[in-house]
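Here is a short briefing to read with the model open beside you. Please have a look at the chain first, and then follow the points below.

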Amino acid sequence: MASNTCQPENVFSSSTCDIQFCPDCQMVHVNMGAITIRMTEQHFATYAIDISKALFHMRQREIHQADMRVMM
């Protein structure tokens, strides 16, 4: 849980999320609307890699499915 002195600093903002880092609690805060996920910097780095891999696999699946439709 964030301490009373927790004051996250913006690292990145987009239309879908805000990513902040708090030097006090040493946590990354990922804000997506009403949802906030807090994690260590290492966990965030691993999470970002996992999200990227998942997106790659989803795109590969879309390409494969499009190829299968062309063959039919």
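Strands S2 and S3 pair in the antiparallel sense over five bridges, where two strands count as paired if DSSP finds at least two bridges between them. This is a predicted model, in which local features need pLDDT of at least 70 and side-chain atom pairs count only at pLDDT 80 or more, while totals for chains, interfaces and linings use all residues. Residues are numbered from 1 along each chain as its sequence is written, and side-chain values use heavy atoms, with hydrogens and water left out.

**The S2–S3 hairpin**

- Across this pair, Cys 22 stands opposite Met 27 in S3.
- Four residues lie between S2 and S3 in the hairpin that they form.
- In the loop between S2 and S3 you will find Gln 26, which has a positive phi of about 60° although it is not a glycine.
- Gln 26 counts as partly exposed because its relative accessibility is 46%; buried means under 20% relative accessible area, exposed over 50%, and partly exposed in between, with a 1.4 Å probe and protein chains only.

**The S1–S2 hairpin**

- Strand S1 is joined to strand S2 (residues 18-22) by four bridges, and the two run antiparallel.
- The hairpin from S1 to S2 passes through four residues.
- Two facing pairs are handy landmarks here: Glu 9 is opposite Phe 21 in S2, and Phe 12 has Ile 19 in S2 as its bridge partner.

**The whole sheet and chain**

- The four strands make an open sheet in the order S1-S2-S3-S4, with antiparallel pairing.
- Strand S1 (9-13) and S4 stand at the edges with a single partner strand each, so one side of each has no neighbour in the sheet.
- From one strand to the next, the twist averages 25°, with axes taken as lines fitted to C-alpha atoms (for helices over the stretch in contact) and angles running from 0 to 180 degrees between N-to-C directions.
- As a reminder, strands of a sheet pair through backbone hydrogen bonds, either parallel or antiparallel.
- The chain holds one helix and four strands; helices (H or I, at least four residues) and strands (E, at least two) are DSSP runs, numbered from the N terminus.
- Read from the N terminus, the elements follow the pattern β-β-β-β-α.
- Of the 72 residues in the chain, 15% are buried.
- Among contacts in the chain with a separation of 6 or more, 5% are between residues 24 or more positions apart; a contact means heavy atoms within 4.5 Å.

**His 29, a buried residue in S3**

- His 29 belongs to strand S3 (residues 27-32).
- With a relative accessible area of 6%, His 29 is buried.
- Leaving aside residues up to four places away in sequence, His 29 touches Cys 6, Pro 8, Asp 18, Ile 19, Gln 20, Cys 22, Thr 36, Ile 37 and Arg 38.

**The surface**

- The accessible surface of the chain is about 5,900 Å², and 59% of this belongs to carbon and sulfur atoms; the areas come from the Shrake-Rupley method with a 1.4 Å probe, and for residues only the protein chains shown count as cover.
- Met 32, Ile 35, Ile 37, Tyr 47 and Ile 51 form a nonpolar surface patch with about 410 Å² of accessible area together.
- Strand S4 (35-40) and helix H1 (41-71) are the elements that give two or more residues to this nonpolar patch.
- Patches are made of residues with over 30% relative accessible area and no salt bridge, with like charges joined within 9 Å and nonpolar side chains (Val, Leu, Ile, Met, Phe, Trp, Tyr) within 5 Å.
- Ile 37 sits in strand S4 and counts as partly exposed, at 31% relative accessibility.

- Glu 62 forms a salt bridge with Arg 59, and their closest N and O atoms are 3.3 Å apart.
- Because Glu 62 and Arg 59 are three residues apart in helix H1, about one helical turn separates them.
- Glu 62 is partly exposed at 42% relative accessibility, and Arg 59 is partly exposed at 40%.

Notes: A salt bridge is a side-chain nitrogen of Lys or Arg within 4 Å of a carboxyl oxygen of Asp or Glu.
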